[in-house]
Amino acid sequence: MRSARIALCALLVSGAVGLSPTTASSNSPTPSATRSALALSSTAFADGGAIPKVHECTSGGGSDPGKRNESPPLTWSGAPAATKSYAIVMRDLDNSSLIHWVIYDIAASTTSLPQNVDHAYRPSTPAGARQVYYRGSANLYGYQGPCSPSTVNTYEFVVYALNKASLANLNSNSSTRTAAREIGAAAIGSARVTGES
């Protein structure tokens, strides 16, 4: 009788150990279901992959017709609920994090940028957005593509979700560094993708 009782206790203990916490709380949300995860990607290149020549600068010398200084298409998702606008900053990580592109005041309803955003302070797409003037190997508003003919550098594109609908302190004379500081101060989330050129 005693051995039967011991066997029964052992069976009950092993059954309890076999129960997983998820079985007991199958109705509770998982962390991924309750947490926003901003993500950024491009159809032009995989994260860490080669940036196509069409996106390289045209001011680095030579006359390669494949280089057109066109900004790459970018798409993002998973922004925090409090997002009021977006900004994108591109840096050359192998050249003192030199800023190549700043576009901001992108409406919260926008989740992508097309290829070849106009080189203008107020580009036609996306509506309402503004770009910073790039001073360096070229002088223009907006995107300045990779310009490293003798080395392969890593370029980082970061989308920032901001808590402001507009960065009113910035204007057509603002520098890339000033803009990056304003964007960082208003950021409530970010995501990145890198490419090599």
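These legends accompany several close-up views of a predicted model. Residues are numbered from 1 along each chain as its sequence is written, and side-chain values use heavy atoms, with hydrogens and water left out. Because the model is predicted, local features need pLDDT of at least 70 and side-chain atom pairs count only at pLDDT 80 or more, while totals for chains, interfaces and linings use all residues.

**View A. The open sheet of β1, β3 and β6.** Welcome to the sheet: three strands form it in the order β1-β3-β6, with antiparallel pairing. Strands here are DSSP runs of E with at least two residues, numbered from the N terminus, and helices are runs of H or I with at least four. Two strands pair if DSSP finds at least two bridges between them. The edge strands are β1 (39-41) and β6 (112-113), each of which pairs on one side only. Between β3 and β6, which run antiparallel, there are two bridges. As a reminder, strands of a sheet pair through backbone hydrogen bonds, either parallel or antiparallel.

**View B. S77 in strand β3.** S77 sits in β3, which covers residues 74-77. S77 counts as partly exposed because its relative accessibility is 44%; the cut-offs are under 20% relative accessible area for buried, over 50% for exposed, and in between for partly exposed (1.4 Å probe, protein chains only). Which residues does S77 touch, not counting those up to four places away in sequence? They are A37, L38 and A39, where contact means heavy atoms within 4.5 Å. The C-alpha atoms of S77 and S41 are separated by 9.2 Å, and these two residues are 36 apart along the chain.

**View C. The disulfide between C57 and C147.** A disulfide is taken as a pair of cysteine sulfur atoms within 2.5 Å, and by this rule the count comes to one. It joins C57 to C147, with an S to S distance of 1.8 Å. The torsion about the S-S bond of C57 and C147 is about 130°, so the disulfide is right-handed. C57 lies in the loop between β2 (49-50) and β3, and C147 in the loop between β9 (139-141) and β10 (154-162), so the pair ties together parts that are 90 residues apart in sequence. Are the two ends buried or partly exposed? C57 is buried at 5% relative accessibility, and C147 is partly exposed at 24%.

View D. T110 belongs to the loop between β5 (98-107) and β6. With a relative accessible area of 17%, T110 is buried. Leaving aside neighbours within four places in sequence, T110 is in contact with W76, Y86 and P126. P126 itself is in the loop between β6 and β7 (130-131). Take a look at the backbone there: the peptide bond from T125 to P126 is cis, with omega near -5°.

View E. Where is D105 placed? D105 is in strand β5. Although D105 is not a glycine, its phi is positive, at about 55°. D105 is buried, with a relative accessible area of 8%. N116, also a residue other than glycine, has a positive phi near 65°. The place of N116 is the loop between β6 and β7, and at 36% relative accessibility N116 counts as partly exposed.
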